Amino acid sequence: MKDITELFQDIIRQNRSLDIAEAEFKKLIHEDAELREQYREWCDAVGSSEKMGFLDYCDEYIESQDSIYDALNDYDE
């Protein structure tokens, strides 16, 4: 099984809205006990709640992507 953050990134890229991405993720962890346990462990490791862990990751991921584009724009100018 791939690293859970890779799964997060796949879900983010496949969905145009964070609401839809979150719904898709919740569906996946509801259907897969192993994934749910992996998510719990990840939340514990990063100090996030299970309720907000995925959304917190989404915010950080999107912010990091934005900063990459900002850096590229700064380079062009």
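Colleague: Buried means under 20% relative accessible area, exposed over 50%, and partly exposed in between (1.4 Å probe, protein chains only). Are F8 and F54 buried or exposed?

Modeller: F8 is buried, and F54 is buried too. This is a predicted model, where local features need pLDDT of at least 70 and side-chain atom pairs count only at pLDDT 80 or more, while totals for chains, interfaces and linings use all residues. Residues are numbered from 1 along each chain as its sequence is written, and side-chain values use heavy atoms, without hydrogens and water.

Colleague: How many aromatic pairs are there?

Modeller: The structure holds ten. Rings of Phe, Tyr and Trp (its six-membered ring) pair if their centres lie within 6.5 Å; planes under 30 degrees apart are stacked, over 60 edge-to-face, the rest tilted. F8 and F54 have ring centres 5.3 Å apart and planes at 80°, so they are edge-to-face.

Colleague: Where do F8 and F54 lie?

Modeller: F8 lies in helix α1 (residues 4-14), and F54 in helix α4 (residues 53-76). Helices are DSSP runs (H or I, at least four residues), numbered from the N terminus. The pair therefore ties together parts that are 46 residues apart in sequence.

Colleague: And what about Y39 and W42?

Modeller: Their ring centres are 6.3 Å apart and the planes are at 15°, so Y39 and W42 are stacked. They sit three residues apart in helix α3, which means about one helical turn separates them. Both Y39 and W42 are buried.

Colleague: Which residues do ring pairs link into a cluster?

Modeller: F8, F25, Y39, W42, F54, Y57 and Y61.

Colleague: Switching to the core. How many residues has the largest nonpolar core?

Modeller: It has 16 residues. Such a core is a set of buried Ala, Val, Leu, Ile, Met, Phe, Trp, Tyr and Cys residues joined through side-chain atoms within 4.5 Å. F8, F25, Y39, W42 and F54 have the most contacts inside it.

Colleague: Which helix gives the most to this core?

Modeller: α1, with five residues. α1, α2, α3 and α4 each supply at least two.

Colleague: New topic. At what angle do α2 and α3 cross?

Modeller: Roughly 115°, and the axes of α2 (residues 18-31) and α3 (residues 33-46) come within 5 Å. That makes α2 roughly perpendicular to α3, a label for angles of 65 to 115 degrees.

Colleague: Which residues of α2 and α3 make the contact?

Modeller: F25, L28, I29, H30 and E31 of α2 meet A33, L35, R36 and Y39 of α3. Contact means heavy atoms within 4.5 Å.

Conventions: Axes are lines fitted to C-alpha atoms, for helices over the stretch in contact, and angles run from 0 to 180 degrees between N-to-C directions. Angles under 35 degrees count as roughly parallel, over 145 as roughly antiparallel, 65 to 115 as roughly perpendicular and the rest as oblique.
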